[in-house]
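Good morning, and thank you for making time for this presentation. I would ask you to keep the sequence and the structure in view while I speak.

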Amino acid sequence: MSRLIVISNRVSAPTPQQPSAQGGLAVALTAALREADGIWFGWSGETGETGELKFETFDGVTSATIDLPEQDVEEYYDGYANRTLWPLFHYRLGLTEFERDFQGGYERVNRLFAEVISPHIEPDDLIWVHDYHMIPLGWLLRQQGITNRLGFFLHIPWPPTDLLHALPEHRRLVEALFAYDLVGFHTREWLETFHDYVVREMGGTIEDDDRVTVGGRTIRAIACPIGIDAREFIASAQSNEAVTTQNRVVESLSGRRLIVGVDRLDYSKGLEERFNGYLRFLDTRPDAHAQVTMLQIAPPSRASVQSYQDIRATLDALSGRINGAHAEIDWVPLRYVNRGLPRGVLAGVYRAAKIGLVTPLRDGMNLVAKEFVAAQDPEDPGVLILSRFAGAAAQLTGALLINPYSPDEMADAIEHALNMPRDERIARWRPMFDNVVDEDVIWWRKRFTEVLASTERVAEVALEV
Ligand code: ADP
Ligand code: G6P
């Protein structure tokens, strides 16, 4: 069995301080790394003089991280990753910043990763690179003489070709993907927009659905939707912590039904539109005030980036306006919490809710939607209201699918969900639950690594396209 090397900006391997891996991706990759005796490489999250990789082995999993100087963090992480690629790939051209320095920092940090990681690669290692922070890494590893099988997974949407044209040097970025042997996306939609770029911009061809050729180089590209660690999440929804939380939340509602949202505080999550949809519901259905309370949990994210400070200020003001306009002496329509919650507590909150409101304007997948489904009581499940622009909408077809830009559609969907009979709720929920269990994160990891292992190994490192 080959060793597995995972490379991503953020490393979530277990540590003595955080002994159980956090999040589905961390759990899936940790298990794989443990079985395959692998290493997880990435940024330490710390700013400081770049020294050497720090290796740490804990509970059978080895991670190796490096600090980055302040300028690199500003240009690579805050800059090119989160002020250029993230907004552009989420269709937000107006929020996208194009600075040559960002691109320089991005390439510099990717080159640094290639240089420090390549001496640790053994001939038969399978290498799996993750996400938009690391697109050129495969190319740079090839330049270090690495001929191993190399896979890349994009966790965010792939943008339409015309939008990508706005990125200076867009072609250089896409050409770098051809250094990988396998490229994965969450959905067919993102795969097909990638195909469109390759065919229209690069004169490439697509064969057998997953073989993409440009010039003399053929790679595989697949749609492979990530899942959650369903078994673990279902168990945590039944834990004491979850049951206590559920009881506590239900008690606090005085008979009202809970609508819940859980998101990083990110403009791509459509939180402003969600608040406006809820406000429309409250404005147009005064009789329903006695029936509902909304809880939005949104821990701040990427706070050094201006657009994230702006969305936070907008939501502070809007939540105040909603409560100012509609609160009663004994009722607050919107509870707005800027904090992360432990997973057991989160699972209890999902289970206490009658409606899960997951309304991103664009999202590569959205795992919160899957967690909400996994946490429900099979006898009396809540209703998922889901944006049609989330990758998860392709699998969770039992949800009420809505256009998140329309406050009226959102208000109608809330009303529809509140009035939905139990039989219909069960009939919609059951196939979604089966999908969340069947196509879980272990399934995802196995599928990707199996296809990667079956690709033909590059004979040499010159990969001009
Ligand atoms: P993204 O990766 O863009 O943040 P996802 O919905 O795919 O969006 O994944 C978010 C993950 O972070 C989920 O596992 C979710 O449970 C977790 N998460 C989000 N908000 C919170 C919170 N307030 N407390 C705890 N976990 C959270
Ligand atoms: C999304 C991205 C991940 C990223 C995560 C949290 O899921 O696809 O790559 O790690 O958001 O964002 P952060 O910037 O805090 O790592």
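Let me begin with a definition: two residues are in contact if their C-beta atoms, placed from the backbone, lie within 7 Å. Please also bear in mind that this is a predicted model.

I start with helix α8, residues 230–237. Its buried residues are Ala-230, Phe-233, Ser-236 and Ala-237. These four span an arc of only 130° around the axis, so they sit on the same side of α8. In general, an α-helix has 3.6 residues a turn, so residues three or four places apart point the same way. What, then, covers the buried residues of α8? The cover includes α9 (240–252), α12, α13 and α15 (422–438).

Two of those covering helices, α12 and α13, also pack against each other. Helix α12 comprises residues 343–352, and its axis lies 8 Å from that of α13, at an angle of about 70°. The two helices are therefore roughly perpendicular to each other. On the α12 side, the contact is made by Ala-347, Tyr-350 and Arg-351, and on the α13 side by Glu-371, Phe-372 and Ala-375. By class, this contact has 4 nonpolar and 2 charged residues, with no polar ones.

Helix α13 brings us to the ligands. Which helix gives the largest share of the shell around ligand 1? It is α13, residues 367–375, with 3 residues. In total, 14 residues surround ligand 1, and the closest are Ile-297, Gly-340, Leu-341, Leu-367 and Val-368. The shell around ligand 1 divides into 8 nonpolar, 3 polar and 3 charged residues.

Ligand 2 is surrounded by Arg-10, Asp-131, His-155, Ile-156, Ser-301 and Arg-302. Its shell has 1 nonpolar, 2 polar and 3 charged residues.

One of the residues around ligand 2, Arg-302, deserves a comment on its backbone. Most residues other than glycine have a negative phi. Arg-302, however, has a positive phi of about 45° although it is not a glycine. Arg-302 lies in the loop between β12 (292–297) and α11 (306–326). It is partly exposed, because 17 other C-beta atoms lie within 10 Å.

Asp-59 likewise has a positive phi, near 50°, and is a residue other than glycine. It is placed in the loop between β3 (54–58) and β4 (61–68). Is Asp-59 buried, exposed or partly exposed? It counts as partly exposed, because it has 13 C-beta neighbours inside 10 Å.

Leaving aside neighbours within four places in sequence, Leu-154 is in contact with Asp-131, Tyr-132 and Phe-185. Asp-131 is also among the residues around ligand 2. From Leu-154 to Ile-355, the separation is 201 residues in sequence and 29 Å in space, C-alpha to C-alpha.

With 10 C-beta neighbours inside 10 Å, Arg-457 counts as exposed. Not counting residues up to four places away in sequence, it touches Thr-147 and Arg-149. Arg-457 and Ala-13 are 444 residues apart along the chain, and their C-alpha atoms are separated by 28 Å.

Thank you for your attention.

Key
Residues numbered from 1 in each chain as written. Chains lettered and ligands numbered in written order. Predicted model: local features only at pLDDT ≥ 70, side-chain atom pairs only at ≥ 80, totals over all residues. Near = placed C-beta within 6 Å. Nonpolar A, V, L, I, M, F, W, Y, C, P; charged D, E, K, R; others polar. Axes fitted to C-alpha atoms, helices over the stretch in contact; angles between N-to-C directions. Parallel < 35°, antiparallel > 145°, perpendicular 65-115°, else oblique. Buried ≥ 20, exposed ≤ 12 C-beta atoms within 10 Å, placed from the backbone. Arc of directions from axis to C-beta.
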